[in-house]
Amino acid sequence: MELNQILAEELDQPLKYVENVVQLIDEGNTIPFIARYRKELHGAMDDTTLRTLEDRLNYLRGLEKRREEVKNAIDGQGKLTEELIAAIDAAKTLSEVEDLYRPYKQKRRTRATMAKEKGLEPLALVLFAQEKDCPVPEEEAAKYLDAEKGVETIEDALSGASDIIAEMISDDAALRKQLRALYIRSGELVSCAKQSDAADSVYRLYYAFRGAVSKVQGHQILAMNRGEREEILKVKAELDRDAALIALRRAVLVPGSASMAFVRTAAEDAWDRLLEPSLEREIRTMLTDEANEGAIHNFGLNLRPLLMQPPVKGKVTMGLDPGYRNGCKVAVVDGTGKVLDTTVVYPTYGERQKNEAIEKLGRLIKKDGVEHIAIGNGTASRETEQMAVELIRSVGGGVSYMIVNEAGASVYSASELAAEEFPEFDVNLRSAVSIARRLQDPLAELVKIDPKAIGVGQYQHDMPQARLNETLDGVVEDCVNAVGVDLNTASAPLLRRVAGLNATTAKNIVKYREENGIFTSRKQVLKVPKLGPKAYEQCAGFLRVPESKSVLDHTGVHPESYGAAETLLSLCGYTLDDVKKNKLGDLKKKVESLGVERLAQQCGIGVPTLLDVAAELQKPGRDPRDELPKPILRTDVLSVADLKPGMELTGTVRNVIDFGAFVDIGVHQDGLVHISQICDQFIKHPSEKVAVGDVVTVCVLEVDEKKHRISLTMKKPS
C-alpha cells in the first residue's frame, strides 16, 4: 500500500489532505504554519494531529529505507528470492523486517555455526525435513562421522545437527511472530525484591508483583525498570513454557516421521536456549518503548496547559525563592518584568528574624507598589507562605499571593542565558526574578528552561532524551505560536520558538532591535541578517508589532492575507481604522449574513482562512490565554491539620499522571485525586477530564499527616 494511503487510513483523514500535508512538510514548512495558515489544504487538522502525521511519516519512511537495506544485504549474498521480497515488502513494522533478515545476518560464532563448519548442515536439513522416507537419526548420523573435523561419535553428529535445527527454528520469522503474539496475549511481567530482607522503599508495591503483559500500566513498567537499575528489584517477562512448546511443536513437527522425536527435542532446546531469552528481551523492550511513549505523551499533555496558564499582566510582583540556610531570596519586578529591587531575608532563623523580614518586605511593598507575591514551592516554602500571610496583614491587605511551581528555576538561574540577562545579580537572586516573572507571564519565562526541568511528568529523566526533546520542543513551539510574540519585547529564547526562526535568527532579531531601535512593521524583519523570504513566510503571522502603523501587524493575520482582510472589511462596510478603534460590532454575524462562501470567493481565500481573518479583526492582538480560568491568588493559608474529611475546597491541578491528578489546595502539600475519584463515569486516563492549570472543586476524603498524603475527590456527593 502506498505510504500516503497508509497514513490516511491510520489517521482517518482524506487521502487528498494527507498528500497535501506531506508535500507541505517536504517543502520545508513548519507544523505551526501549516496548522494555522494552510487550513484549506488539510481540512483544519490541529497541530497535534499534524505532528502525529509527521511522526508516522518519518517512521514509515525509515521502515521503507530499512526494507531496501535488508533486501540489498540479502541480495549481496545471492539469496534474495521473489517470495522473500514479497514478505519484506509486506512487513508492517521494523521488528518484522528484522525477523525476516535474522537468518541472513552475519552472526558471531554460535554452536550452530561451529556444527556447520563440521559439515553437519546436510544432516540437520534431512532430519528437520521429516519426510515420509526420513531415515532413523542414528543411522543417518553415522554417515557424517569425521574425526578430523571433531565428529567422532554419532552423539557428536546428532548434537551438532540439533544445534543447527534449534537455530533454524529460532530464526523462523513466522514462528517468532506467532510466539511474540502469544507472549503479548498470555505472558506476565513479574518482579520481586532482589534481597529477601529488602527494606521498605518506594518500590515496595513491586516486591511481589505479577501482572499480565497485555494489561500492565506504563507507570508500573517505568517504576520496575528504575527499581531494576537501582538493583532493588528483579524483573522478568514470563510465558508458560508448556503453552510455548505446544505452539512450537504444532509449527515444526511432522507426526509419524522417524526424526519427529529428535526434532521435538531440538525445538525444546530452541525455546529454552534461544527463543525464550530473545523474546523476553523483545517484550521488555516493547513494554518499555510503549511506556516511554505514553509518559512522553503525558508529559506533553501536562506541559501544554502549564505553558498556557493565564498571565497576571501588568502588576508589580514580588518573587520569593524560599530557603533555610541561604535565606529567602527576594526580587521585585515591575509590570513588564523589569527588576526594581532585590534582597535576602531570613524568616526561618527565628521569630526576631521573621519579624525583621516582614518589616523589610513591607517597606518594599509600599515603595514599589507590589500587588502580588509569587512564592516558589521548594524547600521552606511552607514557612515562607506563613510569613507572606503575616506580611499581607501587616501592610493592611491589598496584596495577594500564589504558590508558583519553581521547577527548573535553579537550572535557569545557573545557565549562561541567566548570566547574560542578569550579569549583576547573584545566581540565587536570578531564581527569585524567574519566580516573579512566572506569575506575570508563565510562557515567556518557562521557554527559557529546558522543558525536562519543568517537572510535570513521570520519569522524564529515564526517557529516550532525543524523542522526549523532540516532543516537548513541539509542544513549546505550538504554545508560543498559538499566543504570538511581541517582536519588540520578546527575548531570544522566546523568539527561537517561533515557527521559521532558530537560535541564530532569534539572536539576530534582538541584536538588530538593539542597534536600530524598535521594529515599526512586520516587513522590517526581512532586514535581519540570515532571515530570508522562506523564514519570513513561516514566522510573520506569529509576530506582533504593536508599534506598527498598520493595525494588521498587531494581529494573527498573515501578511499574505492583508489584501483579503482589507477586501473583507470593505465588503462588510468597515475600514482598518474601525479595527484599530475596535468598532467592528459583531463582524462574525455580518460575515454570516453576507454568506461565508461568497465572501471567501470575493476575497480570494478559502473559508477557513476567511473565518480566521474575521476572528483576528474582531479582537486584534487577542491572547487566547485570557479566555482560560484565572489562577487562584490567596490571602490566607491553611495547614494540613486544618483539613477534615468532607471539607470542600477550590484548587489548581498541578500535575496529571496515569493514576490521577495532584491538586494544590493551598496547604503546601498537593492532594491526590485518584483516577477513580475524578468523575462518575469510566475514563482510561485522567487527562480526559482534567489538565494542568484547571481550577477544580474538590472534597477531602482522607488526610494522613505522617505520610504526607491527602486524598481528594472531584465526585459530587450523591
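Predicted model: local features only at pLDDT ≥ 70, side-chain atom pairs only at ≥ 80, totals over all residues.
Which helices do the buried residues of H14 pack against?

**View 1. Helix H14 and the helices packed against its buried residues.** The buried residues of H14 pack against helix H9 (121-129), H11, H12 and H15. Those buried residues are Ala 244, Leu 245, Ala 247, Leu 248 and Val 252, and because they cover an arc of only 160° around the axis, they lie on the same side of H14. The face turned away from this buried side carries Asp 242 and Arg 250, both of which are exposed. The end C-alpha atoms of H14 are 16 Å apart, in agreement with the 16 Å that its twelve residues should span at 1.5 Å a residue.

**View 2. Ala 267 in helix H15.** Ala 267, a residue of helix H15, has a relative accessible area of 2% and is therefore buried. Leaving aside residues up to four places away in sequence, Ala 267 touches Ile 169, Leu 248 and Val 252; of these contacts, Leu 248 and Val 252 are themselves among the buried residues of H14. Glu 421, by contrast, is 154 residues from Ala 267 in sequence and lies 67 Å from Ala 267 in space, C-alpha to C-alpha.

**View 3. Helix H12 and its packing partners.** Helix H12, which comprises the 14 residues 173-186, reaches 20 Å from its first C-alpha to its last, close to the 20 Å expected at 1.5 Å a residue. At the start of H12, the backbone nitrogen of Ala 174 has a side-chain oxygen of Asp 172 within 3.1 Å. The buried residues of this helix are Ala 173, Leu 175, Arg 176, Leu 179, Arg 180, Leu 182 and Tyr 183, a list that includes two arginines. They pack against helix H7 (94-101), helix H11 (154-170), strand E3 (233-238), helix H14 (241-252) and helix H15 (260-307).

View 4. Five bridges connect strand E1 (residues 188-193) with E2 in the antiparallel sense, and Leu 189 has Gly 211 as its bridge partner in E2.

**View 5. Strand E13 and its pairing with E12 and E15.** Strand E13 (residues 671-674) is joined to strand E12 (residues 660-664) by four bridges, with the two strands running antiparallel, whereas two bridges join E13 to strand E15 (residues 709-713) in a parallel arrangement. In E13, Gly 671 and Val 673 form the covered face, while Leu 672 and His 674 form the uncovered one.

Definitions and conventions:
Residues numbered from 1 in each chain as written. Heavy atoms only, no water. Expected span 1.5 Å × (residues − 1). Buried < 20%, exposed > 50% of the residue type's maximum accessible area, 1.4 Å probe, protein only. Contact = heavy atoms within 4.5 Å. Polar contact = N/O pair within 3.5 Å; in protein donor to acceptor, adjacent residues only side chain to side chain. Pairing = 2+ DSSP bridges. Arc of directions from axis to C-beta.
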